[in-house]
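Let's take a walk through this chain, from the overall picture down to a few packing details. Have the structure open and follow along.

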Amino acid sequence: MENKLKQLLDEALRNFNILVSSINDGTRNVPIPSGFKPVEVTFEEIERAKRIIFDESKSDFKEDMVKHFRQLENLIPFCSSPKAFKTAWDMRTSILSSHDMEIITNEGGQFIPHNTNISNVFNYGQRGNVLGTNRRLVFAIRHSEGHYDDVLDDLGRFTYQPQNDTKIMLRYRLAQHLSKELELPYLLLAVMWFRYSVNEKVNYVFMISPVKVIDFENDLLDLDSSLHAPLTLQLITRAEAKSICNRLLSLNQTDSHVETRYELPRQLAREWAYDKINATEKGRQIKRWAQATGMSCPGIKCKKGPLAKPKILFSELSFKEIAFGHIISQNWAKAYSYLLDKVNHPDNLYLTCRICNSSLGDHFPDDVLRSEIVNNGTIGDWLRQHGIDIRNS
Ligand SMILES: [Zn+2]
């Protein structure tokens with residue numbers, strides 16, 4: 001079996017190579033605190049930047065990518081909450097008192113005493129980027145007070161300007177390109193450090209937060225004009241970071257036939273839970289979408305004959321004849337109550353006809369039905385892929 005991640009990355013790099021070929025040498029005006037600074041991008045620098053990304057002779061790109069996400073995963077337990085990170089950011093100081101730290105830790109902040117043995121991420125006094133394995137990918141960005149644009153908005157979003165370095169610029173565009181091609185945001189760490197005397201030897205503490213790359217579509221339209229553009233990033237929770245790491249690393253498995261999904265955002269999961277969609281307008285939006293897109297019942301009880309018409313289309317049924325089936329039944333979840341908070345999650349639900357739904361009763365779907373549900377998608381899968389269309393149905 002082919003490695004899915006390898007396939008995706010090979011394809012992504014091929015496409016990136018095409019985008020990169022449009023980059024011309026010439027001056028770029030890079031924003032700095034006092035305005036703009038012209039930066040000369042030469043042909044040689046573009047070539048050097050390309051070699052770092054595309055040269056497979058030193059290391060395999062996929063392996064570097066996997067290491068990147070494994071290293072991130074290892075540091076997730078030490079990450080602060082987005083709220084605490086923002087509080088610390090907005091203090092706009094490089095010196096913390098124990099009182100400041102108390103406020104920040106109460107909001108889910110975690111301070112890491114300076115220790116060069118953990119990672120080169122924890123290096124104070126330097127701004128800019130921390131590069132990952134083989135210097136191919138950006139692993140972390142360091143924030144310190146007085147950056148050219150240090151506004152962190154209420155949703156935890158901010159922009160980060162590349163240094164005056166073509167290689168960094170191209171790595172930023174690569175991070176955006178990978179987010180698009182893998183349909184999974186590229187993750188990195190945001191790092192802040194503060195003066196705080198832990199003891200005579202340790203005088204600095206660090207805060208880290210996972211950040212994801214967002215708002216990249218426009219930059220990818222034309223790399224020649226966007227080469228020096230900043231990255232737009234958003235602070236995310238440890239849970240979201242963990243879910244993105246899981247998804248990326250699961251693509252690197254060659255022994256599993258079951259595709260791993262990223263966790264449905266909790267708000268979306270609550271909004272479209274069983275009790276919110278059963279016999280409601282929201283539920284009818286899903287049914288209308290399924291009818292309009294030619295989806296059919298995954299069950300077999302309603303089949304009209306083995307060959308003539310193998311599957312019943314939802315468009316042949318009225319809303320009342322269409323139901324939301326549970327993969328793990330409600331009664332099973334009541335009997336074994338550890339599942340109670342999950343049983344109405346959109347990923348436990350699928351669209352079915354009434355006849356097939358009733359016939360299943362409290363039983364689990366058999367192999368055939370299960371693979372049909374996986375093919376069709378759960379309600380959660382539909383929300384991941386077609387959420388906007390469903391809302392507009
Ligand atoms: Zn059916």
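## The overall picture

The protein chain holds 16 helices and eleven strands. Keep in mind that this is a predicted model.

As for the inside, 35% of the 393 residues count as buried. Among contacts with a separation of 6 or more, 71% are between residues 24 or more positions apart.

Strand β1 (residues 26-32) and strand β2 (residues 35-41) run antiparallel, joined by seven bridges. The hairpin between β1 and β2 goes through two residues. For a landmark in the pair, look at Arg28, which stands opposite Val39 in β2.

## α1 against α6

Two packed helices are described by the angle between their axes and the distance between the axes. Start with helix α1 (residues 4-20) and helix α6 (residues 166-181): their axes come within 10 Å and cross at roughly 130°. An angle like that makes α1 oblique to α6, and the crossing of α1 past α6 is right-handed.

On the α1 side, the residues that meet α6 are Leu8, Glu11, Ala12, Asn15, Phe16 and Leu19. Their partners in α6 are Leu174, His177, Leu178 and Glu181. Sorted by type, the contact of α1 with α6 has six nonpolar, two polar and two charged residues.

## α3 against α9

Next up are helix α3 (residues 61-75) and helix α9 (residues 238-250), which pack at an angle of about 150° with their axes 10 Å apart. Angles over 145 degrees count as roughly antiparallel, and α3 and α9 are therefore roughly antiparallel to each other. Here α3 passes α9 in a left-handed crossing.

Val66, Phe69, Leu72 and Glu73 of α3 make the contact with Cys245, Leu248 and Leu249 of α9. That contact of α3 with α9 divides into six nonpolar residues, one charged and no polar.

## Around α4

Which residues of helix α4 (residues 82-90) are buried? They are Pro82, Ala84, Phe85, Lys86, Ala88 and Trp89. What do the buried residues of α4 pack against? The list has one helix, α5 (98-106), along with the strands β5 (138-143), β7 (187-195), β8 (204-214) and β9 (231-235).

Note on methods: Residues are numbered from 1 along each chain as its sequence is written. This is a predicted model: local features need pLDDT of at least 70, side-chain atom pairs count only at pLDDT 80 or more; totals for chains, interfaces and linings use all residues. Two strands pair if DSSP finds at least two bridges between them. Helices (H or I, at least four residues) and strands (E, at least two) are DSSP runs, numbered from the N terminus. Axes are lines fitted to C-alpha atoms, for helices over the stretch in contact, and angles run from 0 to 180 degrees between N-to-C directions. Angles under 35 degrees count as roughly parallel, over 145 as roughly antiparallel, 65 to 115 as roughly perpendicular and the rest as oblique. A crossing is left-handed if the near helix is turned anticlockwise from the far one by less than a right angle, and right-handed if clockwise. Two residues are in contact if their C-beta atoms, placed from the backbone, lie within 7 Å. Ala, Val, Leu, Ile, Met, Phe, Trp, Tyr, Cys and Pro count as nonpolar, Asp, Glu, Lys and Arg as charged, and the others, Gly among them, as polar. A residue is buried if 20 or more other C-beta atoms lie within 10 Å of its own, exposed if 12 or fewer, and partly exposed in between; C-beta atoms are placed from the backbone.
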